Amino acid sequence: MKSKNRSQILLINDMAGYGKVALSAMIPVFSHLKFETFNLPTALISNTLDYGRFDILDTTEYMENTLQVWNELSFSFDAICTGFIVSEKQASLVYEYCKEQRKAGTFIFVDPIMGDNGKRYNGITEQTIPYMKRLCSIADVIVPNITEACFLSGHAMQGTYSKYEIEEITKRLHELGAKALIITSANIDGKMFTVAKNSADEPSIFLPYEEIPVRFPGTGDIFMSMTVGHYLKFGNLLKSVETAMRQIERIIRANRNNTDKYKGIPIEQFGEEITDEKTENYTYLN
């Protein structure tokens with residue numbers, strides 16, 4: 001993909017009132033990267049789910065009405081980035097809208113949010129997988145973690161994977177229709193990697209990283225935003241992933257002693273880090 005100054009981006013994801021996840025984390029990243037950013041919330045959530053108590057408002061009806069108004073006003077976007085989807089009805093709505101926008105040249109990025117660490121998130125059922133597969137079929141780039149990659153590919157969930165098994169998973173993901181893909185949090189023979197694959201005909205690139213023993217909600221959303229933002233600017237998938245990996249590692253390290261980690265990372269404070277686009281020399285596993 002060549003850079004075409006794609007400056008208008010629509011984010012379709014949930015919005016947390018308290019905590020930096022989903023739209024609350026993504027909007028600051030894209031804003032720092034100088035994108036004109038718009039949003040369509042799939043749900044309004046009182047706070048990050050880590051607190052144990054929360055309230056969720058399904059916004060499907062609002063989304064239907066909003067997209068109808070936008071179509072009447074002929075609004076369009078250079079890129080669309082999707083995240084948490086509440087229901088099959090909502091997924092179908094997002095699919096049809098992205099499909100039509102893609103015909104006009106809009107780039108589609110899908111984060112098929114379903115689970116992590118080998119299990120589904122609360123509220124996510126087996127019925128979620130087919131409609132996420134359908135959404136992935138029209139994506140230019142999908143960004144699942146290894147758990148979600150297994151859900152989508154039908155591969156058995158494991159603690160660690162071989163390079164051959166990862167290649168089998170990527171093959172099945174391409175067969176869904178996704179053009180390029182990034183798999184995060186992949187434990188390969190006991191070491192952690194992010195896997196990037198630009199097309200079905202190109203080899204996978206395995207980027208190693210050191211896992212930091214701390215958990216913040218929203219880091220996946222930040223990584224997704226950084227990767228997509230750099231990709232839209234420069235058109236180079238590998239460079240974008242490398243840059244995002246380095247940036248998110250530094251930001252996590254800077255926040256690892258935060259008292260209330262359930263809030264997520266105060267990403268607005270790291271604008272300088274987000275716009276630092278230098279990459280380091282990575283050792284690839286070929």
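**Exercise 1.** State where D189 is found, and whether D189 is buried or exposed.

*Solution.* Step 1: D189 is found in the loop between β9 and β10, strands being DSSP runs of E with at least two residues, numbered from the N terminus, as helices are (H or I, at least four residues). This is a predicted model, in which local features need pLDDT of at least 70, side-chain atom pairs count only at pLDDT 80 or more, and totals for chains, interfaces and linings use all residues. Residues are numbered from 1 along each chain as its sequence is written, and side-chain values use heavy atoms, with hydrogens and water left out.

Step 2: D189 has a positive phi of about 55° although it is not a glycine.

Step 3: The relative accessibility of D189 is 60%, so D189 counts as exposed (exposed is over 50% relative accessible area, buried under 20%, partly exposed in between; 1.4 Å probe, protein chains only).

**Exercise 2.** Describe how β9 and β10 pair.

*Solution.* Step 1: β9 (residues 180-188) and β10 (residues 191-197) pair in the antiparallel sense over 6 bridges; two strands pair if DSSP finds at least two bridges between them.

Step 2: I188 has K191 in β10 as its bridge partner.

Step 3: Helix α8 (residues 237-255) packs on the sheet, touching β8 (141-142), β9, β10 and β11; contact means heavy atoms within 4.5 Å.

**Exercise 3.** Give the strand order of the sheet and name the edge strands.

*Solution.* Step 1: The open sheet has 9 strands in the order β3-β2-β1-β4-β5-β8-β9-β10-β11, with mixed pairing.

Step 2: β3 (56-58) and β11 (205-208) are the edge strands, each pairing on one side only.

Terms used:
Axes are lines fitted to C-alpha atoms, for helices over the stretch in contact, and angles run from 0 to 180 degrees between N-to-C directions.
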